[in-house]
Amino acid sequence: MMRRNFMSNKFYGNPVVLLFIFYSITRLIFAGFLNVQFEYSWVFQMWHFIDIELLKNKLYESVLYFHYQPPLFNLFLGLIHKQDVINAKSILMLFYYLITFIMGVIIYKFSLEMIKSKLLAFIFAVIFYLMPETIIYENWPIYTWTSSFLIIISFYFLRRFNVHKSEKYLHFFFLSQVILVLTRSAFHPVFFICFFLFLLVILKNERTKVIKAFSPSALILLTVCMKNLFIFGFFGVGSGL
């Protein structure tokens, strides 16, 4: 009876709404009573970030000629700091908290598909939100947490494709994978190509969809690699690989 009635109300019983309320309350408690703070100062200290003043004043030149790291995270930081409408720290903090919340929702949805219990799926998501690792990494503005988010959401899209057979989910899968490759050097382009080949093998009846979904993201990746070949003489997303 408890499982049947759990979250039965249309608004307050919506699991995503309940997760949002729980997540918001816990983060307010952590900040107000446990002094958990977002480490914004790190963007000025980490060696793999381009100097913030350069990103603000010469964004495109800085990203274009900084070849040691893949370009997307520095481009992301630059766009945040280049605008003057909203405080850059607030945008970055809200972004990191948002992707944490989304990861919890995905964990809930995956768990619900596997165990068919809203209560247990909800508890698993809550455990994720309360894990010390989650609390730590969501407050560190480095690409570790964004990489985790991209991995989780890319396989969520792949799962959605497996269920619905809609080509758009394959597009989202490859796009999230190429964003991952262009964000963190630990994820070599070879992984991206291997996923493509793997899907070609196992999805024999969907090969046209796989190729069509792969091509735009592959073109983005190829463009970055060709830029580095033309300007710096190496073919890849970053010379620090």
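Guide: This is a predicted model. Its largest pocket is lined by 15 residues, and Tyr23, Arg27, Met93, Leu94 and Tyr97 are those that lie nearest its centre. Two or more lining residues come from each of α2 (15-33) and α6. The volume of this pocket is about 300 Å³.

Visitor: How do the residues of the lining of the largest pocket divide into nonpolar, polar and charged?

Guide: The lining has 11 nonpolar, 2 polar and 2 charged residues. Arg27 is among the residues nearest the centre, and arginine counts as charged.

Visitor: What makes Lys116 count as exposed?

Guide: The relative accessibility of Lys116 is 68%, and exposed means over 50%. Lys116 therefore counts as exposed. This residue is found in the loop between α6 and α7 (118-130).

Visitor: Why is Lys165 called partly exposed?

Guide: Its relative accessible area is 34%. Buried would require under 20%, and exposed over 50%; Lys165 is therefore partly exposed. Lys165 lies in the loop between α9 (143-164) and α10 (167-181).

Visitor: What is the phi of Lys165?

Guide: Phi of Lys165 is near 60°, a positive value. Most residues other than glycine have a negative phi. Lys116 also has a positive phi, of about 60°, and is not a glycine.

Visitor: Which residues have the most contacts inside the largest nonpolar core?

Guide: They are Leu19 and Phe174, in a core of 62 residues. Helix α6 (residues 88-115) gives the largest share, 10 residues.

Key
Residues are numbered from 1 along each chain as its sequence is written. This is a predicted model: local features need pLDDT of at least 70, side-chain atom pairs count only at pLDDT 80 or more; totals for chains, interfaces and linings use all residues. Side-chain values use heavy atoms; hydrogens and water are left out. A nonpolar core is a set of buried Ala, Val, Leu, Ile, Met, Phe, Trp, Tyr and Cys residues joined through side-chain atoms within 4.5 Å. Buried means under 20% relative accessible area, exposed over 50%, partly exposed in between (1.4 Å probe, protein chains only). Helices (H or I, at least four residues) and strands (E, at least two) are DSSP runs, numbered from the N terminus. On a 1 Å grid over the protein atoms alone, a cavity is a set of points where a 1.4 Å probe fits but cannot get out, and a pocket is an open set with protein on both sides within 12 Å along at least five of seven lines; lining residues have an atom within 4 Å of a point. Grid points are joined across faces, edges and corners, and a volume is the space filled by probe spheres set on the points.
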